[in-house]
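Hi everyone, thanks for making time.

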Amino acid sequence: MVENRAATALVIAGVLSVLATVYLSVGVASRHWYHYSSPAARGEANVSEARALYEEFMDGEFDEKTYSDTLFRLNGTLGLWWRCVLVPDSALWYRDTDAKKVLECRSFTLNQQFTPKYKEPGNHNSGEDMLRTYLWRCQFLLPLASLSLVLLAGLTGICACFCRSLAPTLAIGVLHLLAGLCTLATVCCYLAGMDLLHRVSMLPERVDGSLGWSLYLALISSPLHMMAAALLLWAARSHSHNYYRMTAYRVA
């Protein structure tokens with residue numbers, strides 16, 4: 001039998017786990033981890049350059065310097081899986097620079113996620129920047145690891161319900177704790193990677209960068225997972241103590 005306090009802790013932990021998983025899933029799938037605010041292109045020369053950057057961004061070969069420069073110039077938005085630019089909703093760039101803006105996006109393929117980063121973006125002869133390379137790969141792999149841990153914890157919990165046993169609660173709590181740490185590490189890797197990128201690729205004048213709501217969703221999900229883990233670990237410990245007391249009483 002489950003003590004009332006332990007049962008309440010399990011219910012609250014389940015709600016927190018679901019909220020954290022939803023927040024993390026939305027954050028990983030969305031595109032608004034980092035946003036650049038850049039001035040509008042004015043004059044035929046600037047508009048022509050912006051149009052060329054956009055066409056290279058959409059149809060050209062994958063290159064970190066090319067897509068980074070485009071993000072800087074065209075109010076770009078960068079996510080874990082997406083890179084987007086804000087462009088006029090019109091083919092007449094030269095005549096209608098104040099047209100309604102739309103978000104045009106390209107996804108990072110699996111091969112592009114593992115593409116090495118270079119000390120000078122775009123210059124393959126400058127040597128691989130190991131730190132930026134592994135930070136980029138970690139920010140891609142860690143949220144997947146976090147979601148996998150939560151899925152494993154959920155399956156373990158379902159099996160425990162069918163078996164009417166609280167024995168796996170400790171393991172489920174540990175899995176949630178690891179998931180929270182992986183999510184927190186994802187955010188840290190992303191922020192560190194963006195800081196290093198801005199050091200090797202100087203932002204143009206009047207271009208500002210800001211964190212997006214997707215990153216905050218992932219950041220919120222980490223403490224939620226950890227709180228769920230704490231409740232699960234407490235419930236496991238409480239149930240263990242009650243079990244030993246009941247065993248000792250029966251033996252006596």
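Let's start in helix α2 (residues 44-59), where arginine 51 and glutamate 55 sit 4 residues apart, so about one helical turn separates them. Helices here are DSSP runs of H or I with at least four residues, numbered from the N terminus. Quick word on the source: this is a predicted model, where local features need pLDDT of at least 70 and side-chain atom pairs count only at pLDDT 80 or more, while totals for chains, interfaces and linings use all residues. Residues are numbered from 1 along each chain as its sequence is written, and side-chain values use heavy atoms, leaving out hydrogens and water.

Back to our pair: their side chains meet in a salt bridge, 3.2 Å from N to O. By that I mean a Lys or Arg side-chain nitrogen within 4 Å of a carboxyl oxygen of Asp or Glu. Arginine 51 is buried at 19% relative accessible area, whereas glutamate 55 is partly exposed at 40%. Buried is under 20%, exposed is over 50%, and partly exposed is in between, using a 1.4 Å probe and protein chains only.

How many salt bridges are there in the whole structure? The search finds 5.

Another one joins arginine 132 and glutamate 64, with the closest N and O atoms 2.7 Å apart. This pair links distant parts of the chain, 68 residues apart: arginine 132 is in helix α5 (residues 130-163) and glutamate 64 in helix α3 (residues 64-73). Both residues are buried. They also belong to a salt-bridge network with Asp129.

How values were computed
Helices (H or I, at least four residues) and strands (E, at least two) are DSSP runs, numbered from the N terminus.
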